[in-house]
Amino acid sequence: MTTKQTSHLPSPSSEPSPPPEYHVIVLLVDDHELTDLFFDGAPKYIAGINQHINDPPNLALHAHSLKSISLNLGAKRMVQLAGKLEEMGNGGILVGAPHVSSELETVFNQTKDKLLSLREK
């Protein structure tokens with residue numbers, strides 16, 4: 001007996017995907033609750049990263065939390081940078097951490113701006 005598998009996935013959107021530099025998943029922009037959690041949580045985790053930039057265990061903790069909420073939203077570059085800071089914290093090797101943190105803040109602001117502009121459409 002053969003069974004026919006059907007897909008329960010939504011059909012692809014007719015909207016074009018954003019350029020890769022925005023690092024976000026467009027489909028999640030409609031989920032205001034998820035983006036609001038990101039807008040509220042990310043700055044707190046970034047502040048924690050900056051506060052604990054020379055404290056490996058706490059740096060890893062805040063970076064892991066930021067990585068998680070960024071992953072939920074599809075903010076790929078933020079996931080990469082937060083993951084790098086988490087690895088630095090877990091390994092106790094913090095050389096370059098301030099530079100990565102600075103880049104992370106820049107990417108967060110770009111991601112936030114793009115999400116807000118997509119949300120207004």
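A salt bridge here is a side-chain nitrogen of Lys or Arg within 4 Å of a carboxyl oxygen of Asp or Glu. With that in hand, here are some friendly notes on this predicted model.

1. By that criterion, the structure holds three salt bridges. Each gets its own point below.

2. Let's start with lysine 44 and aspartate 40, whose closest N and O atoms are 3.4 Å apart. That lies within 4 Å, so the pair counts as a salt bridge. Both residues belong to helix H1 (residues 32-51), where they sit four residues apart, about one turn of the helix. Lysine 44 is exposed, its relative accessible area being 53%, while aspartate 40 is partly exposed at 45%.

3. Next come glutamate 86 and lysine 67, which form a salt bridge at 2.7 Å, N to O. Lysine 67, with 23% relative accessibility, counts as partly exposed.

4. Finally, glutamate 103 and arginine 77 meet through their side chains in a salt bridge of 2.6 Å, N to O. Here too, distant parts of the chain are linked, with glutamate 103 in helix H4 (residues 97-120) and arginine 77 in helix H3, 26 residues apart. Glutamate 103 is partly exposed at 28% relative accessibility, and arginine 77 is partly exposed at 25%.

How values were computed: Residues are numbered from 1 along each chain as its sequence is written. This is a predicted model: local features need pLDDT of at least 70, side-chain atom pairs count only at pLDDT 80 or more; totals for chains, interfaces and linings use all residues. Side-chain values use heavy atoms; hydrogens and water are left out. Helices (H or I, at least four residues) and strands (E, at least two) are DSSP runs, numbered from the N terminus. Buried means under 20% relative accessible area, exposed over 50%, partly exposed in between (1.4 Å probe, protein chains only).
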